[in-house]
Amino acid sequence: MEERVARRVEMIKALAHPSRLMMVDELARGERCVQELQTLVGGDMSTVSKHLSVLKKSGLVSVERRGVQMFYSLRCACAVDFFECVESMIDEDCRNGC
């Protein structure tokens, strides 16, 4: 049981950064190469690579090398459901006086 809770914590922590959230949102639309994700978040390659490493280690994304490029895809599509749930709560709060 404790191991499962620890895995949950690792995944939630991996999502707890604006750049990583943007990357997961983008990967929900389909596979992207590192350069596309770097352009999206506007960070240097080293920082983007570290963020992607955190997402990969948590199990949220997978990576495939093709030649010299690395392509990332969302491995945990249900993360998008979680985001939709959070957005729904935000919308409800705003209807009640954000």
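Over the ring of which residue does the charged end of R66 sit? The answer is F71, with the charged end of R66 4.3 Å from the ring centre; a charge sits over a ring if NZ of Lys or CZ of Arg is within 6 Å of the ring centre and within 35 degrees of the ring normal.

The legends below describe a predicted model, in which local features need pLDDT of at least 70 and side-chain atom pairs count only at pLDDT 80 or more, while totals for chains, interfaces and linings use all residues. Residues are numbered from 1 along each chain as its sequence is written, and side-chain values use heavy atoms, with hydrogens and water left out.

**View 1. The protein chain as a whole.** Five helices and three strands are present in the protein chain, and from the N terminus on they follow the order α-α-β-α-α-β-β-α. Helices (H or I, at least four residues) and strands (E, at least two) are DSSP runs, numbered from the N terminus. Along the principal axes, the C-alpha atoms fill a box of roughly 50 × 35 × 20 Å. Of the 98 residues in the protein chain, 28% are buried; buried means under 20% relative accessible area, exposed over 50%, and partly exposed in between, with a 1.4 Å probe and protein chains only. Of the contacts between residues at least 6 apart in sequence, 51% join residues at least 24 apart, where contact means heavy atoms within 4.5 Å.

**View 2. The three-stranded sheet.** The sheet is open, has the strand order β1-β3-β2 and pairs in the antiparallel sense. Its edge strands, β1 (32–33) and β2 (61–66), each pair on one side only. Two strands pair if DSSP finds at least two bridges between them. β1 pairs with β3 (residues 69–74) over two bridges, whereas β2 and β3 pair over six bridges.

**View 3. The β2–β3 hairpin and R65.** Two residues lie between the strands of this hairpin, and G67 takes a positive phi near 65°. R65 belongs to strand β2 and stands opposite M70 in β3. With a relative accessibility of 56%, R65 counts as exposed. The C-alpha atoms of R65 and G43 are separated by 21 Å, with the two residues 22 apart along the chain.

View 4. Helix α2 (residues 18–27) lies across β1, β2 and β3 and runs at about 85° to β3. Axes are lines fitted to C-alpha atoms, for helices over the stretch in contact, and angles run from 0 to 180 degrees between N-to-C directions. The loop between α2 and β1 contains A28, which is partly exposed at a relative accessible area of 39%. Apart from neighbours within four places in sequence, A28 is in contact with L74 and V80. The C-alpha atoms of A28 and C78 are 9.6 Å apart, although 50 residues separate them along the chain.

**View 5. Packing of α3 and α4.** Helix α3 (residues 34–41) packs against helix α4 (residues 45–58) at an angle of about 105°, with the axes 10 Å apart. This makes α3 roughly perpendicular to α4; angles under 35 degrees count as roughly parallel, over 145 as roughly antiparallel, 65 to 115 as roughly perpendicular and the rest as oblique. From α3, the residues V34, Q35, L37, Q38 and V41 meet M45, V48 and L52 of α4.

**View 6. The surroundings of H51.** H51 is a residue of helix α4. A relative accessibility of 10% places H51 among the buried residues. When neighbours within four places in sequence are left aside, the contacts of H51 are H17, S19, R20 and M23.

**View 7. The pair of F82 and F83.** One aromatic pair is found in a search of the whole structure. The pair consists of F82 and F83 and is tilted, with 6.3 Å from centre to centre and 50° between the planes. Rings of Phe, Tyr and Trp (its six-membered ring) pair if their centres lie within 6.5 Å; planes under 30 degrees apart count as stacked, over 60 as edge-to-face and the rest as tilted. F82 is partly exposed, at 48% relative accessibility, whereas F83 is buried, at 13%.
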